[in-house]
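This report goes through a structure one packing arrangement at a time. Look at the sequence and the model before reading on.

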Amino acid sequence: MSGAVLQRMLVIDDEEPILFAAREYFEALGFSVDCATELEEAQALLSHVQYDIVIADLRLTGIYGTEGLALVRHVRERCPQTRILLLTAYGSAAVEEEARRLGVDGFLQKPKPLPDVAQIVFGLLGKTA
Amino acid sequence: MKDLLDTILEPGGLTVHFQPIMELREEGRRLYGLECLIRGPKGTNLESADVLFDYVRRKREESLVDRACVKAALERARELPGRPHLSINVHASTLGRDHEFLVFLGDVADVNAISLSDVTVEIVEHAPPWDGRSFLGALEGLRRIGVRIGLDDVGLGQSNYRMILDCRPDYFKIDRYFALGCAKDPYRQAVLQSIHELARRFGGRVVAEGVEHTEDLAAIQAIGIDLVQGYLFARAAPLETLLESGLLGPDRKSGAPRVPDAEAPA
């Protein structure tokens, strides 16, 4: 064991298979990965755990379909050092503009292969694969 | 997909731990009571109490989950020998909004053969004011049925002077932030002294939480605070661990369920 401190990642999506795949992939790359399915669960975790990076779906279980924006707002207000990526299959230009205004670090269209997401994550965290 | 809230509320979703509250006397320490502490569903992010209750507050389901916590705690406490005094945490918002909570508490205590005079409701609050009139009415009701009132996290957040005035607590629970390192910090000692004096004038007692070092304990004791809780004495632990520890006394390891007084053998 190297003894290096693992970088912490939080992945939020309301589809369990996506969370499973992301956890497997990023843990193999050396991240410590937590997963959440609900906006409020993610916000609660972010209030008590310091994450290096958050990857969230724009649309979570909720009535608005843009719960990911609330997460971006939460991260920027409460954990300014944390990087955040939003993924979406439904994002309009207006939503993307709002996400960027709130301070998202990346707004990605789904489907996005995990290796491509990883490259963006590494770029944001200033590390190499 | 199943909502996390459903997972919390399903049977076995909540786990109860107990942490001893010790009383410091000239002749030594003795067990004064037990705080019932809840953990969320095992293997989930909500297993941590901090994350669990943060989630619950964000969902605005304090009342529903407080009821589940009280039920889980008193059902488990039923197995405690020796009728120790029990502290259970309840959100102020639950007392303010859930008009049937007192009846619920009475019923659960009754079913589990626990006297309400053995129960302290520790009020926790993380939100600005709620329905103040209902809250004050609930406090009055709790006192009327024999329950004692504790105010959690005194000195932090919403547990401020107004809450102290409104609650007139029997127990002022001071957050660990003030106890940790107080032996070497005269300013922390000043705050502890101040709250101790305030409690005395209200006819209440202070419980210092987060006591982890003997030197801090000595400083706390020198101030006159005689109820303490923290790792120095015991961590929060499941009932089985508590029974094994012997903290409940040498004759209290059986864990035999208590029976109502009226049914107790002569």
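In chain B, helix 9 of chain B crosses helix 10 of chain B in a right-handed sense. The model is a predicted one. The two helices, residues 186–201 and residues 214–223 of chain B, pack at an angle of about 40°, and their axes are 10 Å apart. Angles of 65 to 115 degrees count as roughly perpendicular, and those under 35 as roughly parallel; helix 9 of chain B and helix 10 of chain B are therefore oblique to each other.

| Helix of chain B | Residues in the contact |
|---|---|
| Helix 9 | B:Gln189, B:Leu192, B:Gln193, B:His196 |
| Helix 10 | B:Ala219, B:Ile220, B:Ile223 |

By class, this contact of helix 9 with helix 10 of chain B has 4 nonpolar residues, 3 polar ones and no charged ones.

Chain B also holds a closed barrel of 8 strands, in the order 1-2-3-4-5-6-7-8, with mixed pairing. In general, strands of a sheet pair through backbone hydrogen bonds, either parallel or antiparallel. Strand 5 (residues 148–154) and strand 6 (residues 171–174) of chain B pair in the parallel sense over 3 bridges. Opposite B:Val154 stands B:Ile174 in strand 6 of chain B. Helix 3 (residues 62–77) of chain B lies across strands 1, 2 and 3 of chain B, and runs at about 170° to strand 3 of chain B.

The last topic is the contact between the chains. Chain A gives 13 residues to the contact and chain B gives 10 residues. On the side of chain A that touches chain B, the largest share, 7 residues, comes from helix 2 of chain A. By class, that side of chain A has 6 charged, 4 polar and 3 nonpolar residues.

Terms used:
Residues numbered from 1 in each chain as written. Chains lettered and ligands numbered in written order. Predicted model: local features only at pLDDT ≥ 70, side-chain atom pairs only at ≥ 80, totals over all residues. Contact = placed C-beta atoms within 7 Å. Helix = DSSP H or I, 4+ residues; strand = E, 2+ residues; numbered from the N terminus. Nonpolar A, V, L, I, M, F, W, Y, C, P; charged D, E, K, R; others polar. Pairing = 2+ DSSP bridges. Axes fitted to C-alpha atoms, helices over the stretch in contact; angles between N-to-C directions. Parallel < 35°, antiparallel > 145°, perpendicular 65-115°, else oblique. Left-handed = near helix turned anticlockwise from the far one by under 90°.
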